[in-house]
Every structure is written in structure tokens, then in C-alpha cells.
Amino acid sequence: MGNNNLSTMKQFFLLGLILCGAVVSANEGILSFVQKAKETTFGVTLMGTIELELSSGAPGDYLVNLLTKMQGTLWNDWTRANETHNSFQATCTQEIGTLQNELSGHSKNIIESKKTISSANQKLAFDKVELENSQRQLGDTRVNREKLIKNREEEAKEYDQKVSEINEALETLHQGQNL
């Protein structure tokens, strides 16, 4: 009974191979398909695998196990790659968030600095006007001081002259009294 199942499996396997060949190369015969397949590395490997399967005791089971094992390996590889990708993506997302926060902070600092610069420029312009006014007032004050000094000198001369005239008049009066 086990030998009958093996023979049935071989028949199904050969039938599947023939159907694949017929689908791939509908206008050409199976032999030309096999010969074309042997011209490529993949085809040689595939034909070797098929021959090995057909020569072993349970070709269907071995092929199913082999494909299942390959599927498991591929699934594990994909899972590890997906986990690595997700971890890397999470790290990138976190770093992007951190950088965006820093950028936002720097943007706020720039805005505040621009406001401070604008305010300082306005104060500087005001202070320049005040300095010019103060310099003009200082110049006017110096001119007025010079005028006052000249006036004071003239008044002092006039005073000294009047005092001198009064002293002469008093001396004349004293001399007139003594006579």
C-alpha cells in the first residue's frame, strides 16, 4: 500500500512538472523546455533537484519538507529584517522628534533675538538723536558761557572803573574837607 502511494505521488509530481512545462512553453515540446532550462544555472539546479527527488524514496515529502524549510528560513529572515527595520524606524522617528523640538526652540530663540535686536536698534536711534541734541546743547552752553565770561569781564572793568572814580571822588572830598 505504501509503495502504491509513492507511485501515485510520483505520477502527480510528473504530471505537475509536465503541466508547468506546457504552461511555460505552450508551443514547444517538453524536451525543448528541459533543454532550455539546462542552459541556465537555475534550470540546472531545478533539474538536479527534480532528478534527486525522483530517485529518492519519497520525492514529494522531501520536496515539501525542503520548501517548508525554505519558507521557514525566509520567514525568519523577513521577521528579523522587519524587526530591525521597525527598530531603526522608531529610532529615526524619535530622533526626528528631538531635532524638531530643538529646531522649534532655536526658532523661538531667533524670533526673540530679532525682537531684541529691533528694540535695541530703536533705542540706538533714539540715543543717537539724544546725543546729537546733547552735543548741540553743550555747544550752545559753551557759546553762552563764553558770552557770559566776556560780559563778566566787561562788567568787572566797568565796576573797577566806577570804584576807581568813586575812590577819586571820595579822596577829593576828603581833601576838600581837610582844607
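Visitor: Okay, and which side chain does aspartate 127 meet in a salt bridge?

Guide: That would be lysine 123, with 3.1 Å from N to O. Lysine 123 is itself exposed, since its relative accessible area is 52% and the cut-off for exposed is over 50%.

Visitor: Where do lysine 123 and aspartate 127 lie?

Guide: Both are in helix H4. They sit four residues apart, which is about one turn of the helix.

Visitor: Why would two side chains pair up like that?

Guide: Side chains of opposite charge can pair when their charged atoms come close.

Visitor: How many salt bridges are there in total?

Guide: The count comes to three. Another one joins arginine 80 to aspartate 77, and the closest N and O atoms there are 2.5 Å apart. Those two residues also belong to helix H4, with a spacing of three residues, about one turn of the helix.

Visitor: Is aspartate 77 buried, exposed or partly exposed?

Guide: Aspartate 77 is partly exposed, with a relative accessible area of 34%.

Visitor: And what else is on the salt bridge list?

Guide: There is a salt bridge between the side chains of glutamate 112 and lysine 115, at 3.9 Å from N to O. Here too both partners lie in helix H4, three residues apart, or about one turn. Glutamate 112 has 45% relative accessibility and so counts as partly exposed, whereas lysine 115, at 52%, counts as exposed.

Visitor: Which helix has the highest confidence, and which the lowest?

Guide: Helix H4, covering residues 59-178, is highest with a mean pLDDT of 90. Helix H1, residues 2-24, is lowest with a mean of 57. Across the protein the average pLDDT is 81, and 73% of the residues score at least 70.

Visitor: What should I do with the low parts?

Guide: Where pLDDT is low, the predicted coordinates should not be read in detail.

Visitor: Good to know. Switching topic: which residues gather in a patch of negative charge on the surface?

Guide: Glu146, Glu153, Glu154, Glu155 and Glu158 do. Glutamate 146, for one, lies in helix H4. With 42% relative accessibility, that glutamate counts as partly exposed.

Visitor: Last one: how much of the protein counts as buried?

Guide: Of its 179 residues, 6% count as buried.

How values were computed: Residues are numbered from 1 along each chain as its sequence is written. This is a predicted model: local features need pLDDT of at least 70, side-chain atom pairs count only at pLDDT 80 or more; totals for chains, interfaces and linings use all residues. Side-chain values use heavy atoms; hydrogens and water are left out. pLDDT is the predictor's confidence in each residue, from 0 to 100. Patches are made of residues with over 30% relative accessible area and no salt bridge: like charges are joined within 9 Å, nonpolar side chains (Val, Leu, Ile, Met, Phe, Trp, Tyr) within 5 Å. Accessible areas come from the Shrake-Rupley method with a 1.4 Å probe; for residues, only the protein chains shown count as cover. A salt bridge is a side-chain nitrogen of Lys or Arg within 4 Å of a carboxyl oxygen of Asp or Glu. Lys and Arg count as positive and Asp and Glu as negative; His and the chain ends are not counted. The place of a charge is taken as NZ of Lys, CZ of Arg, CG of Asp or CD of Glu. Buried means under 20% relative accessible area, exposed over 50%, partly exposed in between (1.4 Å probe, protein chains only).
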